[in-house]
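Hi everyone, thanks for making time.

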Amino acid sequence: MFKETIFSKIINREISVDLVYQDELVTAFRDIEPKAAIHILIIPNTFIPTINHVKSIHEKILGRMITVAAKIAYDEGISKDGYRLIMNCNRHSGQEVYHIHMHLLGGQPLGPLLSI
Ligand code: 5GP
């Protein structure tokens, strides 16, 4: 039911992006429509449509996403001031791309967590 998305093409370098990091488990690149001074997406190289599809076999990948987020935050110089990590799931969250991804947002004060 879920088909692979444009993020698969980004992982395979079939579409060019502002690539920040890539290893055997994850890929990170700058969001095409940044919502903050720094807005980077960290995604698994494995196709997982939503957080609801995450299984225990993915735990290493999910852990790597966090480790890489912290490394990128350090490299971008935002570790000390802080940043926000967001993962959306399904309609109510506003998930647009059905390949799980972590938003790394920072480089400025981010305001309240939610505006409903
Ligand atoms: P979601 O709303 O699904 O959590 O976030 C999807 C994010 O992917 C959005 O912030 C959107 O701007 C970003 N995005 C969608 N397509 C592309 C693309 O082709 N390239 C890049 N760099 N970002 C994309």
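Before I point at anything, one term: when I say nonpolar core, I mean a set of buried Ala, Val, Leu, Ile, Met, Phe, Trp, Tyr and Cys residues joined through side-chain atoms within 4.5 Å. And keep in mind that what you're looking at is a predicted model.

Okay, so with that term in hand, which residues have the most contacts inside the largest nonpolar core? They are V26, I40, I42, I72 and L104, and that core has 15 residues. Two or more residues each come from β2, which is 26-30, β3, which is 38-44, α2, which is 59-75, and β5. The top contributor is α2, which puts in 6 residues. As a bit of background, nonpolar side chains in soluble globular proteins tend to be buried together.

Now let's step back to the whole chain. We have 3 helices and 5 strands, and starting from the N terminus the order goes α-β-β-β-α-β-α-β. The radius of gyration is 14 Å, close to the 13 Å that the globule rule gives for 116 residues, so the protein is as compact as a globular protein of that length. If you draw a box around the C-alpha atoms along the principal axes, you get roughly 40 × 35 × 30 Å.

A few more overall numbers. Of the 116 residues, 36% count as buried. The accessible surface is about 7,300 Å², with 54% of that belonging to carbon and sulfur atoms. And if you take contacts between residues at least 6 apart in sequence, 58% of them join residues at least 24 apart.

Next up, the ligand. How many residues surround the ligand? The count is 17, and the closest are D31, N88, E96, H101 and H103. Some polar pairs to look for on the screen: a polar side-chain atom of N88 sits 2.9 Å from a ligand oxygen, and for H103 a polar side-chain atom is 2.8 Å from an oxygen of the ligand. G94 does it with its backbone, where a polar atom is 3.1 Å from a ligand oxygen. On its own the ligand has 520 Å² of accessible area, and the protein covers 87% of that.

Another spot I'd like to show you is H99. Where does H99 sit? You'll find H99 in the loop between α3, residues 90-93, and β5, residues 102-106. Is H99 buried or exposed? H99 is buried, because its relative accessibility is 0%, and the cut-off for buried is under 20%. A polar atom of the H99 side chain lies 2.8 Å from the backbone oxygen of P44. Ignoring neighbours within four places in sequence, the contacts of H99 include T5, F7, S8 and I11, as well as I43, P44 and T46. Take T46: H99 and T46 are 53 residues apart in sequence, yet their C-alpha atoms are 8.7 Å apart in space.

R13 isn't a glycine, but its phi is positive, about 65°. R13 is in the loop between α1, residues 6-11, and β1, residues 19-22, and it counts as exposed because its relative accessibility is 54%. N90 is also a residue other than glycine with a positive phi, near 65°. N90 is placed in helix α3 and is partly exposed, at 28% relative accessible area.

That's my tour, so over to you for questions.

Key
Residues numbered from 1 in each chain as written. Predicted model: local features only at pLDDT ≥ 70, side-chain atom pairs only at ≥ 80, totals over all residues. Heavy atoms only, no water. Helix = DSSP H or I, 4+ residues; strand = E, 2+ residues; numbered from the N terminus. Buried < 20%, exposed > 50% of the residue type's maximum accessible area, 1.4 Å probe, protein only. Polar contact = N/O pair within 3.5 Å; in protein donor to acceptor, adjacent residues only side chain to side chain. Contact = heavy atoms within 4.5 Å. Near = heavy atom within 4 Å. Areas by Shrake-Rupley, 256 points an atom, 1.4 Å probe, with all protein chains shown as cover. Rg over C-alpha atoms; globule rule 2.2 N^0.38 Å.
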